[in-house]
Amino acid sequence: MEGPEPQGVQEPVVTQDAFTRWVYGRPFFGGLWLTLGGAWILLTMKASVKVVLHVGMQGVAGYLLPTLMVLLGLLILFSPDQRLFYSITGVLISMGTWATSNLGGFMVGLLLGVVGSVLTFGWLPDQDPRVSRRERHEQAREAERPGTETEPGQPGPAAGTAQAGAVSGTAQAAQ
């Protein structure tokens, strides 16, 4: 008979949902927002004449730019390897809808497109969590203390930084 499991210990998640893995493996929300921004602008192009402002060029460009926004958003979702090119192009096209498509879908579509493109541009796959400057400084202090050791196979807390050279130089000078 097994005893109760200790509190605070959770079983690791062995399998994840396939959709969850797909979402976290790409800049999902950036592509989604860019696509929604383009769709919003296309919908506002069909608004009644009393609502539409008709600013700038009319005709093909008014429908072309939001269509390209939708296309770029879908490309970001399904081909994230080229996300930097798609995001830069997406932000330029989103800004272009200000003059061609009812002030960028009354600013809503323009903002969705710009924010989605910026989210995509800033997304980095498989990035380690950032360590704050304070935590790095505390780790360097702990490394200076005698008797503190790191786990075997793990680099020191301040390895590869200017502080590591100062810490190791201080420790060597003290010996």
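W33 lies in helix 2, where a helix is a DSSP run of H or I with at least four residues, numbered from the N terminus. W33 is partly exposed, with a relative accessible area of 33%; here buried means under 20% relative accessible area, exposed over 50%, and partly exposed in between, using a 1.4 Å probe and protein chains only.

A word on the source: this is a predicted model, in which local features need pLDDT of at least 70, side-chain atom pairs count only at pLDDT 80 or more, and totals for chains, interfaces and linings use all residues. Residues are numbered from 1 along each chain as its sequence is written, and side-chain values use heavy atoms, with hydrogens and water left out.

Now for the overall picture. The protein has 8 helices and 0 strands, a strand being a DSSP run of E with at least two residues. Buried residues make up 28% of its 175 residues. The protein exposes about 12500 Å², of which carbon and sulfur atoms supply 62%; accessible areas come from the Shrake-Rupley method with a 1.4 Å probe, and for residues only the protein chains shown count as cover.

Together with F29, L36, V115 and L119, W33 forms a nonpolar patch with about 440 Å² of accessible area in total.

The largest nonpolar core has 8 residues: L34, I41, L65, M69, L72, I76, Y86 and I93. Helix 2 (28–44), helix 3 (60–78) and helix 4 (83–100) each give two or more residues to this core, and helix 3 gives the most, with 4. A nonpolar core is a set of buried Ala, Val, Leu, Ile, Met, Phe, Trp, Tyr and Cys residues joined through side-chain atoms within 4.5 Å.

G37 is found in helix 2 as well, and counts as buried at 0% relative accessibility. G37 and L111 are 74 residues apart in sequence, yet 7.4 Å apart from C-alpha to C-alpha.

| Residue | Contacts |
|---|---|
| G37 | M69, G109, L112, G113 |
| M69 | L34, T35, G37, G38, I41, I93, S94, T97, G109, G113 |

Note on methods. Contact = heavy atoms within 4.5 Å. Patch = residues over 30% accessible without salt bridge, like charges linked within 9 Å, V, L, I, M, F, W, Y side chains within 5 Å. Salt bridge = Lys/Arg side-chain N within 4 Å of Asp/Glu carboxyl O. Lists of a residue's contacts leave out its neighbours within four places in sequence.
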